[in-house]
Structures are given as C-alpha cells and as structure tokens.
Amino acid sequence: MTSVTETATPASRQILAKRTPTWMRALPFLVAIASPVILDKISWNPFGGWKLLVGFLVLVGIGWFAWSNAEHDPDDPRLSLKLWHRADQRALAAVTCFVLMAIPFILSTDWEPPMDFPWNSWFRIVNYIILFALGAGAFNLLVGYTGQLSMAHAAFLMIGTMVGAQVGLIWEQSFWLCLPVAALAGAVLGVFFGIPALRLRGLYLMLATIGVHFIILLVWKEYIVHQFGFSGMRFTTPNLPSWLHWIPGINPEDGEFLINSQFRWFWVNLGITTVGLLFIVNVVRSREGRAFAAVRDRDISATLLGINVPRSKLVSFALSSALVSVSGCMLSYYNRARSEDSFHLELVLDYGIIIVVGGFMGIQGAIFGSIFFFALPMYFEWMREELPIISDIDFFSRYAGEIDLAIRGILVVVVLVWRPDGLAGLWQAMKKRALLRMQAPRRGVVQ
Amino acid sequence: MSSSLKIDGLSVSYGPIPALRNVSIEVPEGGFVSVLGSNGAGKTTLVRTITGVLYLQKGKVTSGSITRDGQDMTKLKTRKIVTGGVAQVPEGRMLFPQLTVEENLRCGAASRRDLAGINDTLSEVFDLFPQLPPLQNQLAGLLSGGEQQMVAVGRALMAKPSLLVCDELSLGLAPLIVRDLFLLLDRINKEGVAVLAIEQNARIALQHSTYAYALEVGEIVLEGPSDELRENQEVQDLYMGGGGDSREAYAAIRREVNR
C-alpha cells in the first residue's frame with residue numbers, strides 16, 4: 001500500500017505547540033536532581049518554620065516550569081510513543097523527582113512529630129517500598145502485561161539471593177558484580193522455567209510454576225545448609241567503588257564508602273529501581289511490549305499478525321525473572337541475614353496483592369501497591385499504640401498481626417470492588433478530573 | 001498475468017474429517033477476488049490454511065499447494081507469510097480489547113522493524129479512516145462494531161501487505177457500514193493491493209469483486225467473473241435469496257451439491 005490519498009495533513013494534526021529548547025525542558029529535572037547537594041550543604045530541616053514554605057514553593061516552581069515548557073500536541077501520532085510528553089506528565093515527573101530527592105533528607109532529620117509518630121522507622125519502610133516496587137513491576141510485566149500467571153517469583157528471589165551469596169560471599173566479589181550476574185542467572189532460568197507456558201495457560205500454568213517454586217526451594221535449602229550451615233547467610237556491607245567517589249556528597253571514610261545506613265541504601269535502591277522500572281516502561285511501550293499485550297489479549301490474533309508468540313512469552317519470562325532476581329539480591333544485601341525459610345510461597349501473593357491493589361496496567365500500579373502494602377501496617381501499628389481510644393482497646397494490641405491482615409484483606413476487596421483498575425486507576429481518574437477542571441475556563445475563552 | 005496467490009488442488013482435513021476438497025483459487029496481482037459460501041462451507045479453513053494457522057486446530061494439508069511468488073506457502077510459519085505480504089482481517093475482528101486503537105494498529109506492524117515507515121503507514125491508515133484519529137487513545141474493546149472492523153482492516157494494512165485476506169468482513173455489521181467498508185476495500189485495491197474477500201454476503205461481495213468462487217461443503221461449485229455470477233440463477237437462489245420459489249430451488253441445489 002503506497003500513500004493512500006494525496007490530501008494534505010489535516011490542520012488538527014500539524015504541530016501546534018511552540019518549540020522550547022531542550023535545555024529548558026530538562027532544567028526542572030536537573031534542578032530536582034541537583035537538590036540533594038544543595039540540601040546537604042545547608043543541612044536542611046524542612047520543619048524549621050519558613051523552610052517548609054520555601055521547600056513547597058520550590059516544588060511548585062519546578063512543577064510549573066516543567067508544565068509550561070512541555071511540548072504537547074495531542075494529535076501527533078508520533079508523540080504518543082514518547083515518555084512524559086504531556087505537560088501534566090512532565091510536571092508530575094519533575095515534582096516526583098524533587099520529592100524523591102528530598103525524602104531521605106526529611107526522614108533523617110531529628111524532627112519529633114506529634115503523638116510519637118515513628119519518624120525514623122519510616123526510612124526502612126521507604127526502602128522496602130522501593131525494593132518491592134521493582135519486584136512488583138517485574139511481576140506485573142509477566143502477569144499483568146503478558147498474562148502469564150506465574151507463582152515462581154519467590155523462587156527467583158531465592159535465585160537472586162543465591163547468586164548474591166555465591167558471587168559476593170564465597171567468591172568474594174563486589175556487590176555490584178552480583179547484580180548483573182543475578183540478572184543473567186534469572187534470565188536464563190526464567191527462559192528455562194517459562195517453557196511450560198508454551199503449552200499451559202491460566203490456572204494450569206500457575207500450578208506448573210508452583211512446582212518450579214518447590215524445585216528451587218529444595219535447591220535453596222541444600223545450598224544454604226551446605227555452604228552456610230544452619231545459621232544461614234550473613235551478607236557483607238557493600239561499598240561504593242572508588243571510581244565513584246567524585247560524586248558530590250560522598251566523602252569516603254578511610255578510603256571506602258560503605259552502604260551501611262538507611263540513608264545510603266535509599267540512594268542505591270532508588271537508583272537501581274528507577275533504572276529497572278524505566279526499563280520496564282520502555283519495554284512496554286516498544287514493539288516487543290505491544291507484542292506481550294497482544295499475546296495476553298488474544299494469542300491467535302497475535303499469531304495472525306506475525307507475532308512470534310512463544311518467543312514473546314519466553315522474553316517476558318526472561319525479563320521479569322531477571323529483574324526479580326536483581327531485586328532478590330538487593331533485598332538480601334539490604335536485609336543482611338537470610339535463613340532457610342526466608343522465602344515462602346506467600347511472597348508471590350504479596351506481589352500479587354501489590355499489583356492487584358495498585359492496578360495491573362502500568363508501572364504506577366507497582367509503586368502505589370507497594371506503598372499501600374508497606375505503609376498501611378506501619379500506620380496501623382502507630383494507631384494502635386498512640387491514638388487515644390484505639391490504644392485503650394486491649395483486643396487490638398493482642399491480635400495485632402491478625403487484625404492487620406484482616407484490614408488489609410478488607411481494603412483489597414474495597415479497592416477491587418470500587419476501582420477494579422486499582423489505585424493507579426483511581427489516581428488517573430483524579431488527574432483527568434483535575435485537568436478537565438483546569439482546562440474548562442480556558443477552553444471557553446479561546447474558542 | 002502473474003498471480004498474487006495461487007491455490008492449486010488444495011485438500012485439508014481435520015483428522016479423519018475432510019474440510020476442503022480439491023480447491024483451486026487464483027488471485028491475480030492487484031485483483032479483487034471473493035469466495036462465497038454459507039456456514040460450514042470451509043471458508044474459515046481456507047483462510048486458516050492461507051495464513052498458516054491450521055496447526056492450531058490440528059488441521060493438515062493432505063494434498064495440493066498454495067503458491068505465492070513461486071514459493072509453497074503451506075509449509076511456512078505465519079510470521080513468514082505475514083512478512084511475505086499477506087495480511088489478514090480475521091473473522092470477528094479479533095482486536096486486542098485492552099489496547100488503545102493506536103496500539104492495536106501498531107501491533108499490526110509487528111512484522112516490520114522500520115519505525116519511520118511504520119509511522120508513515122500509521123498516518124496513511126488514519127487518512128484512510130478519518131473516523132479513527134479522534135479515537136486513537138480509546139480502548140479498542142469500547143468501540144462500536146463498525147469502528148472495530150475499521151481498526152481491524154487498518155491493523156492489517158499496517159503490515160503493508162500486497163495481499164489482503166478479509167474473512168467475513170460483513171459479520172454482524174449494519175448494511176450501510178458494510179457498504180462503506182467495501183468501498184474502502186475498493187480504494188485499497190486501486191492502490192495495488194490484491195484483495196481476497198471471503199464472504200457470506202454474496203450480494204455485496206459480487207458487486208465489488210472482479211472474479212468470484214462459490215464454496216460449498218469444501219468444494220468449489222461455481223466460479224466466474226462476478227458480473228456473470230451476479231446474473232446466474234443458481235447464485236441468486238443460493239446466496240442472495242431468489243424469487244418466490246427460492247426455498248425449493250435451494251433444496252434442489254443442495255441435493256445437487258451433496259450428491
């Protein structure tokens with residue numbers, strides 16, 4: 001088919017937006033990324049009166065700048081392939097960037113919130129959220145995008161941990177080498193254990209992958225008993241390679257910079273999770289990712305379009321298990337100790353809850369779901385201990401764990417009934433509404 | 001005249017059950033050929049054989065060949081066939097309901113790797129179907145039947161085919177929309193894409209195609225230029241609902257065919 005008609009491009013599809021130089025569009029992101037250095041220099045405590053206001057103004061300024069300098073043409077088909085092409089997406093990305101940069105500084109202040117809100121223990125929660133967001137995103141790539149229901153992901157956490165232990169503890173290599181090796185091992189084994197998916201689907205595939213979990217569990221137990229004995233693994237503290245010591249804010253004590261505090265782990269986790277999640281987002285937007293979705297929706301139709309369905313399934317398995325292995329390796333180093341029964345089958349259910357509550361479509365689901373999953377129990381614990389009436393009820397503190405699980409279960413049901421597309425869907429709907437409200441008066445003026 | 005697709009003495013069976021017997025069809029380069037047939041005539045089997053997905057239903061080609069550019073297609077994988085320029089509009093549209101219209105269209109270009117070319121084809125498809133650009137970011141599952149069929153045709157065109165196989169384009173659509181779709185097929189055909197329309201709706205198919213075959217219980221019972229077939233009493237009785245005595249005529253023809 002050559003060009004079908006000779007009609008000119010309709011006016012609606014010509015690029016209308018003004019062109020802004022690239023550096024101006026990158027500026028808010030650069031400012032946001034540079035902010036920790038500035039924060040570090042002025043030892044920033046946002047709760048010192050006027051500083052909170054200044055921080056908020058900077059936040060709004062960065063968002064506004066990103067908003068007003070975004071190029072946006074809703075009808076250009078090429079633009080929809082770009083990441084963060086709309087003004088609101090760019091503004092939110094810049095704001096998120098700034099907030100993420102500020103979180104560790106805010107959390108490491110010695111501020112005392114009212115009612116003994118457990119300020120410092122939130123650091124641990126934030127780190128877990130970040131680490132689980134990577135694993136849940138990878139799980140979502142396989143389950144949500146490709147539609148392959150797999151229960152083997154706790155097994156891939158074990159594989160990542162075993163690789164980390166073998167390379168880092170037994171061969172005494174650097175932590176940074178463990179990660180790519182874990183990814184490679186995860187990918188290879190992912191392809192191998194993904195082979196059942198070529199013939200099975202749905203619940204049958206789920207049962208087959210439960211089998212995979214127990215096979216690897218056996219290997220894991222053998223490995224840990226033979227190599228480390230019954231006390232389990234104790235991971236060493238990773239240190240930053242010396243060629244990275246030029247980074248501002250890093251002052252090596254006696255020649256090495258150990259990742260030994262929540263504050264330092266935050267940057268490592270954030271960096272690797274960001275890279276991993278951006279990778280998933282890009283895969284999903286690519287030809288390969290559309291093939292995943294096509295296989296999920298109708299695999300016969302996908303075959304008819306020339307998509308290699310078995311290959312798509314295996315690639316999805318490989319990418320997903322590689323990223324989960326990396327997150328497993330990082331979780332183990334972050335946790336420092338691993339024993340025989342550290343990885344049970346319910347871990348997959350945790351990931352399942354995260355992506356179901358967060359929303360299947362998109363990577364936002366994994367992030368929102370992780371926040372839900374880790375922040376809520378923490379919040380409940382605080383409520384049980386500090387809130388006046390609730391803390392008096394003995395029943396709540398006696399059955400703390402069970403009540404947490406029950407509330408979490410009820411909230412899962414509520415979210416699913418109320419918003420089947422999860423928290424991410426709720427967020428999208430809220431954003432759409434706010435945007436419509438913002439644009440409504442302007443539309444009246446222009447037209 | 002060279003042919004875009006040549007099916008020669010094709011027989012297909014699902015296990016012991018024969019589905020096609022000695023079917024010979026030829027689609028000339030840039031031609032518009034329709035294959036008519038009622039339910040169970042073997043239309044879907046024919047399409048499956050052309051696009052190489054017969055194995056999904058455990059069907060087998062027992063004899064005959066499908067040649068294209070001098071190459072036998074019966075042994076080829078589907079993705080090789082698509083890369084070779086045969087695109088299919090599947091029966092019942094078979095869109096990806098949870099993908100947007102644009103993503104559906106881009107899925108159609110899964111066999112291509114040149115991003116710039118894909119973008120150009122996307123613009124062409126949007127020009128061909130002016131209804132689609134406003135729906136670009138809608139989920140395909142939420143569209144009306146006619147719009148879905150347009151997306152399905154557009155998706156097939158995204159592969160830049162030289163032969164478009166349309167399976168039951170008229171299925172479940174209003175007559176006006178069917179007419180529009182066939183007018184579009186005419187336009188696509190004028191651009192040099194050969195069209196093979198497999199249809200139950202003989203009236204519209206014969207109006208637009210240049211040559212037609214009638215498939216009945218796995219065999220070609222009639223063939224000829226569409227104009228002639230349109231005048232043919234048998235065809236009128238069988239597929240278009242003839243005059244007052246159509247029921248007896250139909251029964252007679254069925255007896256004839258089944259004998």
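Modeller: Buried area is the accessible area, taken with a 1.4 Å probe, that two parts lose on being put together, summed over both. This is a predicted model, in which local features need pLDDT of at least 70 and side-chain atom pairs count only at pLDDT 80 or more, while totals for chains, interfaces and linings use all residues. Residues are numbered from 1 along each chain as its sequence is written, chains are lettered from A and ligands numbered from 1 in the order in which they are written, and side-chain values use heavy atoms, with hydrogens and water left out.

Between chain B and chain A, about 3,400 Å² is buried, and carbon and sulfur atoms give 57% of that area. On the side of chain B, Met94(B), Phe96(B) and Glu191(B) lose the most area to chain A, together accounting for 16% of what that side buries. Counted by contact (heavy atoms within 4.5 Å), 42 residues of chain B meet 29 residues of chain A.

As for charge pairing, the rule for a salt bridge asks for a side-chain nitrogen of Lys or Arg within 4 Å of a carboxyl oxygen of Asp or Glu, and across this interface it finds zero. Polar contacts are pairs of N or O atoms within 3.5 Å, where within protein one atom must be able to donate a hydrogen and the other to accept it, and residues adjacent in sequence count only if both atoms are side-chain atoms; seven residue pairs across the interface of chain B and chain A meet this rule, both residues at pLDDT 80 or more.

Helices (H or I, at least four residues) and strands (E, at least two) are DSSP runs numbered from the N terminus. In chain B, helices H2 (78–83), H3 (101–108), H4 (115–128) and H5 (145–157) each supply at least two residues of the side that touches chain A, and H4(B) gives the most, with eight residues. Sorted by class, that side of chain B has 21 nonpolar, nine polar and 12 charged residues, where Ala, Val, Leu, Ile, Met, Phe, Trp, Tyr, Cys and Pro count as nonpolar, Asp, Glu, Lys and Arg as charged, and the others, Gly among them, as polar.

Although the interface has zero salt bridges, the count over all chains comes to 14. One of them joins Arg112(B) and Asp114(B), whose closest N and O atoms are 3.7 Å apart. With buried meaning under 20% relative accessible area, exposed over 50% and partly exposed in between (1.4 Å probe, protein chains only), Arg112(B) is buried at 11%, whereas Asp114(B) is partly exposed at 39%. Another salt bridge joins the side chains of Asp227(B) and Arg230(B), at 3.4 Å from N to O; these two are separated by about one helical turn because they lie three residues apart in helix H8 (residues 226–231) of chain B.

On confidence, pLDDT is the predictor's confidence in each residue, from 0 to 100. Chain A has a mean pLDDT of 83, and 87% of its residues reach 70 or more. Over residues 1–17 of chain A, however, pLDDT stays under 50, and over residues 443–447 of chain A it is also below 50. Where pLDDT is low, the predicted coordinates should not be read in detail.
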